[in-house]
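Hello,

Here is the structure I said I would pass on. Please have it open while you read my notes below.

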Amino acid sequence: MTQQSTTAVEGLAGVTADWSADKQSFPVPWGKAMMWIFLLSDTFIFTCFLTGYMNVRMSTTEAWPNPSEVFSLVVAGKHVPLLLIAIMTMVLITSSGTMAMAVNYGYQRDRKRTALLMFATAFLGLMFVGMQAFEWTKLIVEEGVRPWGNPMGAAQFGSSFFMITGFHGLHVSCGVIYLAVVAKRVLNGFYDRKGTYETVEIAGLYWHFVDLVWVFIFAFFYLW
Amino acid sequence: MGHATEQNAAAHAEGQQHPIRIYLWIWLLLFVVSTFSYFTDYLDRGMLRWGLILLFMFLKAGFIVAIFMHMAWERLALKLAILGPPALLLALIVLMAIEGDYTFITRLAAYAQ
């Protein structure tokens, strides 16, 4: 199951061999290595945002608005905490599942199923962005949250929220376009002519990363 | 070069084919763990709640990176190159936590006057 490498040494000796031999260090397609490095840089960006949020939340002397009340929805006259956020989380996990299946069918060269699952993933991504737009609208119009203040408590709540979820939403939106482009190419046989479906896996890496970031936002911003 | 690249791609494609069953299991697990983490919202803010939030968060992150992103099947050199550097961020988090605490105390002292 391991990657084929010219030096098939495993473990730490393998790390030394991979880096010191006169060859490419990572026996993966270059696009995949580059996507991983891009995601590494994105990890640093999102961690900086979340760390900045931690810093302002710790240093404010005003009470932090309770996210479980701010993000509650009224269903049948009752406040259900974080309902929309829970649905958004489930939608994003579902999309990660369909993406993983798409990568699998891609390597089996099953064009139709790969494209179908990728379009499904993109559609779920659109649903996520739509729900986020609804959440933003509700917060701005009904709750009066602004980047510089809000009626519920610490002013830093708004700026942290808009910056973190906005940047994540931007990633989801870009991902939807990216997936749609790759899925269209899958359908018209581009990757059959190219001889490899690795692009589907690379797009998958990006999509799973978007889901991964949401896991951290959900934990630190909505639940903490 | 072209030939070697093709061989590499073929070997790579072969290396990343896993039974669909694994993905379905991880998918299901992600739903279950997400449901658990949602219910931490019903706990009072305290060590139990924060501990569980972190536990479920790392479980989900681990599943996604290891299985969905195929990191479990990559060579150690790539794992270290990608998963190692984020450890540096711990230093940033600790520094900013100290800084935030200091700012908080300074503000308390300043506003009390």
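**What turned up**

B:W25 counts as exposed, because its relative accessibility is 55%. For that term, buried means under 20% relative accessible area, exposed over 50%, and partly exposed in between (1.4 Å probe, protein chains only). One caution before the rest: this is a predicted model, where local features need pLDDT of at least 70, side-chain atom pairs count only at pLDDT 80 or more, and totals for chains, interfaces and linings use all residues. Residues are numbered from 1 along each chain as its sequence is written, chains are lettered from A and ligands numbered from 1 in the order in which they are written, and side-chain values use heavy atoms, with hydrogens and water left out.

**Chain B and its patch**

Chain B has five helices and zero strands. Its elements run α-α-α-α-α from the N terminus on. (Helices, H or I with at least four residues, and strands, E with at least two, are DSSP runs numbered from the N terminus.) Of its 113 residues, 36% count as buried.

B:W25 sits in helix 2 of chain B, residues 20–39. Together with B:L28, B:V32 and B:F36, B:W25 makes a nonpolar surface patch of about 420 Å². Patch residues have over 30% relative accessible area and no salt bridge; nonpolar side chains (Val, Leu, Ile, Met, Phe, Trp, Tyr) are joined within 5 Å, like charges within 9 Å. Areas come from the Shrake-Rupley method with a 1.4 Å probe, and for residues only the protein chains shown count as cover.

**Salt bridges**

How many salt bridges are there over all chains? The search of the whole structure finds eight. The criterion is a side-chain nitrogen of Lys or Arg within 4 Å of a carboxyl oxygen of Asp or Glu.

- A:K32 pairs with B:E74, with the closest N and O atoms 2.6 Å apart. A:K32 is in helix 2 of chain A and B:E74 in the loop between helix 3 and helix 4 of chain B, so this pair joins two chains. A:K32 is buried at 0% relative accessibility, and B:E74 is buried at 4%.
- A:R111 and A:D192 meet at 3.4 Å, N to O. This pair links distant parts of the chain, 81 residues apart: A:R111 is in helix 5 (residues 111–142) and A:D192 in helix 7 (residues 190–194) of chain A. A:R111 is partly exposed at 36%, as is A:D192 at 31%.
- A:E143 bridges to A:K138, the closest N and O atoms being 3.5 Å apart. A:E143 is partly exposed at 24%, whereas A:K138 is buried at 16%.
- A:E10, A:D18 and B:R75 are linked in a network of salt bridges.

**The largest pocket**

Its volume is about 1,000 Å³. Of its 32 lining residues, the closest to the centre are A:T43, A:T47, A:F216, B:M57 and B:F58. (A pocket is an open set of points on a 1 Å grid where a 1.4 Å probe fits, with protein on both sides within 12 Å along at least five of seven lines; lining residues have an atom within 4 Å of a point.)

Which helix supplies the largest share of the lining? Helix 2 of chain A does, with twelve residues. The lining divides into 27 nonpolar residues, four polar and one charged.

Best wishes

Conventions
Grid points are joined across faces, edges and corners, and a volume is the space filled by probe spheres set on the points. Ala, Val, Leu, Ile, Met, Phe, Trp, Tyr, Cys and Pro count as nonpolar, Asp, Glu, Lys and Arg as charged, and the others, Gly among them, as polar.
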